[in-house]
Amino acid sequence: MIIMKRLLKNFFYGFLTIGLVLSFGHFAQAASKSVIKLGCAISFTGGESRTGKLYRDSYDMAVEQINKNGGVKVGNQTYQLKIVYYDDESDPTKSSKFVEKLIAEDKVNFLLGPYSSGITIPDSLVAQRYKVPMIEGGGASGKIFSRGNKYIFGTLPPAGQYFKSTLEMLKTFNPVPKTIAILYSDDKFDISVAEGTEKLAKEMGFDVALYEKYAERATDFSSILTKIKALNTDVVLVAGHTEESLNFTQQAKELNVNPKLISMTVGPSEADFRKSLGKDAEYIFGVASWSTQMNFKGYLFKDTQEFVKEFKAKYNYDPDYHNASGIADVAVFKDAIERAGSLNKEKVRAAIASTKLDTIYGTVEFSENGQIKGTSVALQILGGEIYQVYPNGAKKPVYPFPSWKTRK
Amino acid sequence: MEKKKLQYALIGGFILLIVVLFPLVSNNFIIRFGTDILMFAIMASAWNIIGGYTGYASFGNVVFFGIGGYITAILMEKAGMHFAVAYLAAGFGAALFAVLIGLPVLRLHGHYFAIATLGVAEAMKALVQNLEITEGNSGIYLPMLDLSIKGQYYFFFYMMLGTLILTLLLTYLVLNAKLGYSLIAIREDEDAANSVGINTTLSKTIAFALSGFFTGLAGSIYAYQQAFLKPGPAFSVQTTVKMIVMAVFGGMGKLFGPLIGAFSIEIISETLSNYFLVAHTLFFGTVVILAIVFTPKGLIDMITQRKFGISYFLENIREHRI
């Protein structure tokens, strides 16, 4: 009898504890009817938390802007947007678990993505399992979009498309350059850039005369430059890092290698690069998916410049492409929900897929696989400043390069 | 004595019944949460075999988790095999790896062993990041389980539950066999164990292999559930630390200690992150420190000794001279 009594007492406390634990989840669920909930499991802590914050700031700012200006209109009703956040601790297991929680417990309508490709993939699989559309601004890897997942949309352009605008620009020159040299550092991102560029160049009818890899942080480019000189290629495209771009340019001058155009992924858009090289930096081309200098007509904000100003005033730092991508994510949701005229997940998914929206990030259009169509632009250093030269640049590109010797 | 045994059996059976029926009345997220608890319970219990009973603090047990996951990924994705095959291969593959690295590494003691196992896990991560067949650092997809949403949740929950029961059952059998006593003898004094005729190398290696086997099984189920695997998270040191914290929190060298540790740690961490979006890691750390200070023998000691209160905590502090 005593045993039974004690047992009962134990069970009583046990149930009490379990009940308490289970009830925690239910306090937060009293939401009013006219709210559209966006769920987001993203890094507040852990290795990706710095970049995670860029996305959170953007998501918050975009939502605030929408709510301030009348919310989201679905039919005759207006909705306010609300983001439900969880900290994924930069851990993909936690992140996917929280996405399940957002769907199953918080009953969010749609999902915003986390930061970094490795975390986005497991999250996107949960979205696919539940058929809830997710728009992410923080994963560029082609892997995310390689499995025919119809519920994931990404607003970072694929690495392989980085030089697309540059190649298109080449076609506008007279005479059109023929031969191209592609040089790339052996890290993962640059390899993807090079592979994509080679494929695009061949499709567009260019002759890729040189396709060469160099070690990350390489300082000596003389053998590559000698090859370029011997082949006399018209165009040199470099996918690397700032230091390598610096060394490459200096050595090209020393060895008097004069292609008609040099373009680099990283370097030209940085002030340090232009300061270190001084006059030698002139006429070098660069690429960027987005920069604060650009000016696109916006959807939530008047234009890019207006956004940059407001963002700086609010958060006290310069927005970069992560921030712009995050703004675009929320903008696409508003536009798609309004066009769908419904909160039905399938209808909104279809609307997202057919998006064609001008945002401060550029025009957002998705490819068949869900990734944004490449929006990178060509830049050129002119008079010590960097300008967008293609497409619709502030200035016209200077082509071909004046040779090193003829410059003043 | 008989009454006590009956009581334990009753409680145990009742808890098991609750756990088995629990998914039927819960929403999907709660089931997933339960699945994660079971996974960590398996890994912490597996760590307990080598860390708790044998006294070899392995800081690289995550390597078995990663290997189990990657074996599953490669067999299912590249060779198109069934999960059942991949699941077993993951367990035995991880166990084989444990034997191979155990032979040199288990000769080391104390800190040296801890550091060596840490190194093994990091080296394996680097290897997987650079291999062609694992698709390197960008990660590898697995086929998705072709069941209804609810069906998927049930499948992974009961797979984990079954694996946990297997783990605890085998550990229990080992403990009551000669091997179990050998392991405890090794933990208490390895030289003495050697001198009384225990084949310490063999015993340690078997313990390490068992630990690897169960961790590999957990990794296999995890990989199939996530349907995507990346070297960084799959071989993360944090996972090992979590196993150890859970085992210590619940009670090292006790059969149900790690299970209780996994359960309570996950619940505490989940509750905290519900209420504090950013500061939850801070509070969590505090809870762990307090627990180690006041109950160094783990929660299980508190439960089995039926002691709770200031005097118990003070006694612990006195005993361990903190």
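This is a predicted model: local features need pLDDT of at least 70, side-chain atom pairs count only at pLDDT 80 or more; totals for chains, interfaces and linings use all residues.
Local features need pLDDT of at least 70 and side-chain atom pairs count only at pLDDT 80 or more, while totals for chains, interfaces and linings use all residues. Residues are numbered from 1 along each chain as its sequence is written, and chains are lettered from A and ligands numbered from 1 in the order in which they are written.

**View 1. Packing of helix 2 (residues 28-53) and helix 6 (residues 149-175) of chain B.** The axes, which are lines fitted to C-alpha atoms over the stretch in contact, lie 9 Å apart at an angle of about 20 degrees. Angles run from 0 to 180 degrees between N-to-C directions. The two helices (DSSP runs of H or I, at least four residues, numbered from the N terminus) are therefore roughly parallel (angle under 35 degrees). Residues in contact (C-beta atoms, placed from the backbone, within 7 Å) include B:Leu38 and B:Ile42 of helix 2 and B:Phe157 and B:Leu161 of helix 6. By class, this contact has 15 nonpolar, 7 polar and 1 charged residues; Ala, Val, Leu, Ile, Met, Phe, Trp, Tyr, Cys and Pro count as nonpolar, Asp, Glu, Lys and Arg as charged, and the others, Gly among them, as polar.

**View 2. Contact between chain B and chain A.** Each chain contributes 27 residues. On chain B, helix 1 (2-21), helix 2, helix 10 (231-234), helix 12 (257-275) and helix 13 (280-294) each supply at least two residues. The chain B side has 10 nonpolar, 13 polar and 4 charged residues.

**View 3. Domains of chain A.** Domain 1 covers 32-157 + 294-365, and domain 2 covers 161-288 + 376-390; the bounds come from an automatic or database domain assignment. Their centres, taken over C-alpha atoms, are separated by 33 Å.

Key: Angles under 35 degrees count as roughly parallel, over 145 as roughly antiparallel, 65 to 115 as roughly perpendicular and the rest as oblique. Two residues are in contact if their C-beta atoms, placed from the backbone, lie within 7 Å.
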